[in-house]
Amino acid sequence: MEASPDLLTLAKERFAVRDYHGAALLLTSLTQDGPAFADALNLLGLPLAMVDRASDALGAFDQALRVNPRYVEAYLNRAVVLNHLGRENEAQTSMARAAELGAPDDSGYPAVVANKLANAHLSLGHDYRAAGSLEHAIHQYRRALEVRPHFNDIRLALARALIEHGDYSDATAVLDEVLRVRPSWLDAMLLRGLAAYLQGDLDAAGTIWTDASMRHPEEPRLEIYRSMLARRQQELSDA
């Protein structure tokens with residue numbers, strides 16, 4: 001059996017327009033008035049998490065997993081909420097269980113599961129970075145890349161965290177790989193120049209930012225970076 005398609009569809013529509021309270025009410029009614037369906041319970045956890053009802057959200061995900069112990073998405077959603085609560089070890093356990101279920105053999109992850117798993121690691125990385133825990137953020141970004149090595153948005157996030165952590169050489173290697181695939185990506189060019197600048201390679205920084213200004217002549221951030229570079233070059237010249 002499946003949960004009522006009408007109520008599920010309506011709840012998804014409310015969630016899509018960020019009416020989290022409305023979505024939660026519909027899904028609560030659906031799960032309380034009839035048999036417990038894993039998909040509805042998992043969906044219920046999402047709006048509950050968005051309205052700061054993390055404990056109730058975890059309860060919904062746990063219920064979904066009692067109904068379907070192999071529900072990979074519920075494990076991933078549960079991990080994200082646990083991480084927001086600061087329960088990192090439990091989050092990692094839930095993430096590991098999702099990975100275990102999503103990779104039944106040596107052929108790799110099914111595409112849908114791989115995307116969800118990579119995004120979950122990416123989300124955890126963002127959370128750690130926002131909290132100032134850069135080593136944990138870097139670890140999560142690398143885990144995401146293990147699952148989806150061709151996702152350059154993950155690679156860019158990793159490079160940004162590496163720069164903030166002072167790992168300029170590692171950031172340079174990551175950004176060079178990004179720019180090999182997408183040579184005109186402005187954010188990657190800005191960061192690559194910044195990595196060079198912070199390593200003291202002002203000529204490389206200037207070359208990269210000049211190239212970026214030619215490719216993106218209307219980008220205002222480039223003037224800020226190039227002005228910073230010019231001041232530093234003048235300081236060294238005057239010293």
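In this predicted model, the lining of the second largest pocket is made up of 3 nonpolar, 3 polar and 2 charged residues. The residues concerned are E73, L76, N77, V80, K116, N119, A120 and S123, and the elements that contribute two or more of them are α5 and α7, the latter spanning residues 111–130. The volume of this second largest pocket is about 180 Å³.

The largest pocket, by comparison, has a volume of about 310 Å³. Of the 14 residues that line the largest pocket, those closest to its centre are L46, A49, M50, V80 and V81. Two or more lining residues come from each of α3 (38–50), α4 (54–67) and α5 (72–84), and among these elements α5 gives the most to the lining, with 5 residues. When the lining of the largest pocket is divided by class, 10 residues are nonpolar, 2 are polar and 2 are charged.

Another helix, α8, covers residues 134–147 and contains 14 residues. From its first C-alpha to its last, α8 reaches 20 Å, which is close to the 20 Å expected at 1.5 Å a residue. Within α8, the buried residues include L134, A137, I138 and Q140, and Y141, A144, L145 and V147 are buried as well.

How values were computed: Residues numbered from 1 in each chain as written. Predicted model: local features only at pLDDT ≥ 70, side-chain atom pairs only at ≥ 80, totals over all residues. Heavy atoms only, no water. Helix = DSSP H or I, 4+ residues; strand = E, 2+ residues; numbered from the N terminus. Expected span 1.5 Å × (residues − 1). Buried < 20%, exposed > 50% of the residue type's maximum accessible area, 1.4 Å probe, protein only. 1 Å grid on protein atoms, 1.4 Å probe; cavity = no way out; pocket = protein on both sides within 12 Å on 5 of 7 lines; lining within 4 Å. Points joined across faces, edges and corners; volume = space filled by probe spheres on them. Nonpolar A, V, L, I, M, F, W, Y, C, P; charged D, E, K, R; others polar.
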